[in-house]
Amino acid sequence: GGAAEPPPKLVLDLERLATLPSEKAGPLQRYTATIQSQRGDYNGKVLSIRQDDLRTLAVIYDQSPSVLTEQLISWGVLGADARRAVQAEES
Ligand code: C2E
Ligand code: C2E
Ligand code: C2E
């Protein structure tokens, strides 16, 4: 793709994430808690994560990054513009 614009950031909605049942969101909840702990970033309503972390989460969820991104958008944890971040990665 073109390099005119930087890809959008992956910004997780932590308040929304906390309301999701742990059967589906548990691995993501533990992953983000670990990042918050490593950064000492505990009070945020949102958390910006690395592109690399989405790849890692895709392995954990046994899905492609783009399918996982769609799932996180449908859960309300990622905004729809996250789609462009993944397209930038995969194109
Ligand atoms: P590290 O990867 O060695 O990064 C050391 C420090 O460099 C970070 O300290 C942060 O101040 C800065 N840094 C590295 N990459 C970025 C970046 O993309 N953006 C920004 N704004 N700063 C960056 P910090 O935040 O205290 O994190 C400490 C350690 O915790 C990191 O060491 C890393 O091992 C882990 N960590 C923190 N956040 C993440 C994350 O989002 N994903 C992953 N995989 N690890 C993280
Ligand atoms: P932004 O990236 O659009 O983030 C907007 C606001 O979302 C931030 O306001 C903060 O309240 C929240 N936010 C985003 N990601 C995180 C996160 O991982 N943890 C927490 N606790 N909050 C988050 P804030 O802090 O006043 O920052 C305003 C703007 O300053 C940011 O807009 C960004 O453009 C810049 N900025 C702040 N910190 C960093 C950084 O570590 N790296 C870079 N490159 N820019 C930063
Ligand atoms: P950001 O701080 O605006 O950084 C944007 C991109 O610049 C990062 O995308 C990464 O490709 C590069 N970058 C920035 N700082 C560093 C660094 O110290 N080392 C390296 N190797 N690359 C760096 P990425 O990785 O997708 O991260 C997206 C956002 O996630 C970052 O935006 C930041 O808001 C957050 N983030 C990622 N890692 C850390 C971290 O270790 N600590 C903190 N506090 N925030 C992080």
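## Reading the ligand shells and the core

Student: Which residues are around ligand 2?

Tutor: The shell of ligand 2 consists of Lys9, Val11, Asp41, Gly44, Val46, Leu47 and Ser48. A residue is near a molecule if its C-beta atom, placed from the backbone, lies within 6 Å of it. This is a predicted model, where local features need pLDDT of at least 70 and side-chain atom pairs count only at pLDDT 80 or more, while totals for chains, interfaces and linings use all residues. Residues are numbered from 1 along each chain as its sequence is written, and chains are lettered from A and ligands numbered from 1 in the order in which they are written.

Student: Which strand gives the largest share of the shell around ligand 2?

Tutor: Strand β2 (residues 46–49) does, with three residues. Helices (H or I, at least four residues) and strands (E, at least two) are DSSP runs, numbered from the N terminus.

Student: How do the residues around ligand 2 divide by class?

Tutor: Ala, Val, Leu, Ile, Met, Phe, Trp, Tyr, Cys and Pro count as nonpolar, Asp, Glu, Lys and Arg as charged, and the others, Gly among them, as polar. Here three are nonpolar, two polar and two charged.

Student: What surrounds ligand 3?

Tutor: Lys9, Arg39, Ser48, Ile49, Arg50 and Gln51 surround ligand 3.

Student: Where does α2 bend?

Tutor: A bend at a residue is the angle between axes fitted to the seven residues ending there and the seven starting there. Helix α2 (residues 22–39) bends by about 25 degrees at leucine 28. After α2 comes glycine 40, with a positive phi near 70 degrees.

Student: Which residues touch the most other members of the largest nonpolar core?

Tutor: A nonpolar core joins buried Ala, Val, Leu, Ile, Met, Phe, Trp, Tyr and Cys residues through C-beta atoms within 7 Å; buried means that 20 or more other C-beta atoms lie within 10 Å of a residue's own. This core has 13 residues, and Leu10, Val77, Leu78 and Ala82 touch the most other members. Two or more residues come from each of β1 (10–13), α3 (51–60), α4 (65–74) and α5 (82–90), with the largest share, three residues, from α5.

Student: What are the predictor's scores for the complex?

Tutor: The complex has an ipTM of 0.92 and a pTM of 0.92.

Terms used
Buried ≥ 20, exposed ≤ 12 C-beta atoms within 10 Å, placed from the backbone.
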